[in-house]
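Have the sequence and the 3D view ready.

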Amino acid sequence: MCREKILMDNLDRVEKMISLTSQKAASQEAVSLMAVTKYAQDKDVLALLAAGRLKHIGESRVQQAFLRWTSPAFAAYPVVKHFIGHLQKNKAAKAVMLFDFIDSVDSLPLAETLSRCAVQQGKTLRVLVQVKLTDKQSQSGLALPQARLLAKQIAGLPGLCVCGYMAIAPQTDEPETLRGLFRLVRKAFEEDFPAGKERWLSLGMSADFAVAVEEGSTLPRVGSDIFARNLEGL
Ligand SMILES: *Cc1c(COP(=O)(O)O)cnc(C)c1O
């Protein structure tokens, strides 16, 4: 089977799963898939773009993403670009230039820097606050109470539209533990970001997006299930 067909099948499978699970979800909100393109080859991303199959994309390295998405072949496609990695302040201006969303805001100084850059560039930047669901030191993000506090603190900053939470689940947990963690974030999200305004809850990756969507994620982030599955050695 050719590479493009496999990619399309992968995307079909992910979208079908999202559609099935979102019907079971309590929240009944529209769900958008974010295709995480950080490890994907250019030709694979371009194949899906040309087929009109990508709407939201996620990248985690500023410089690499900038080179890719400002190149003529990529820049022609109007996709919504999300930054989902750890953002260093010295790369903030460039990130604000390229991305529509920064989904990994986890400190007041970073939010203030983003706000300044957005004002300077005359744009409104949408941001999500990153919630940490593990005790691991290495993982970025804030514990839920601190994340909620930060969301309040930065709500009025000029140039920013604070519109939800992003969280990365621990890898080793049981599905039911995971479900409980997702549920806690969703509950906070519903209190802090009432319906009526633009809002996003970004939970779930390749390993756990079905559970995440069942628990109310509106922006699951899927990379390897689209760009790596069944493509080893091809
Ligand atoms: C890489 C990454 C993903 C995608 O992970 P997969 O397991 O490949 O689907 C999602 N979210 C974040 C924050 C990432 O860094």
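A polar side-chain atom of K38 lies 2.6 Å from an oxygen atom of the ligand.

| Side chain | Ligand atom | Distance |
|---|---|---|
| K38 | oxygen | 2.6 Å |
| S206 | oxygen | 2.5 Å |
| R221 | nitrogen | 2.8 Å |

On its own, the ligand exposes 390 Å², and the protein buries 85% of that (areas come from the Shrake-Rupley method with a 1.4 Å probe).

Keep in mind that this is a predicted model: local features need pLDDT of at least 70, side-chain atom pairs count only at pLDDT 80 or more, and totals for chains, interfaces and linings use all residues. Residues are numbered from 1 along each chain as its sequence is written, and side-chain values use heavy atoms, with hydrogens and water left out.

Who else surrounds the ligand? The residues around it include V36, I84, I168, M205 and G223. Sorted by class, this shell has five nonpolar, three polar and two charged residues (Asp, Glu, Lys and Arg count as charged; Ala, Val, Leu, Ile, Met, Phe, Trp, Tyr, Cys and Pro as nonpolar; the others, Gly among them, as polar).

Now for the rings. The whole structure has five aromatic pairs (ring centres within 6.5 Å; planes over 60 degrees apart count as edge-to-face). One of them is W69 with F74, edge-to-face at 5.1 Å centre to centre and 75° between the planes. W69 counts as buried because its relative accessible area is 3%, with buried meaning under 20%. Y165 and F193 also pair edge-to-face, at 5.2 Å and 85°.

Terms used. A residue is near a molecule or strand if one of its heavy atoms lies within 4 Å of it. A polar contact is a pair of N or O atoms within 3.5 Å; within protein, one must be able to donate a hydrogen and the other to accept it, and residues adjacent in sequence count only if both atoms are side-chain atoms. Rings of Phe, Tyr and Trp (its six-membered ring) pair if their centres lie within 6.5 Å; planes under 30 degrees apart count as stacked, over 60 as edge-to-face and the rest as tilted. Buried means under 20% relative accessible area, exposed over 50%, partly exposed in between (1.4 Å probe, protein chains only).
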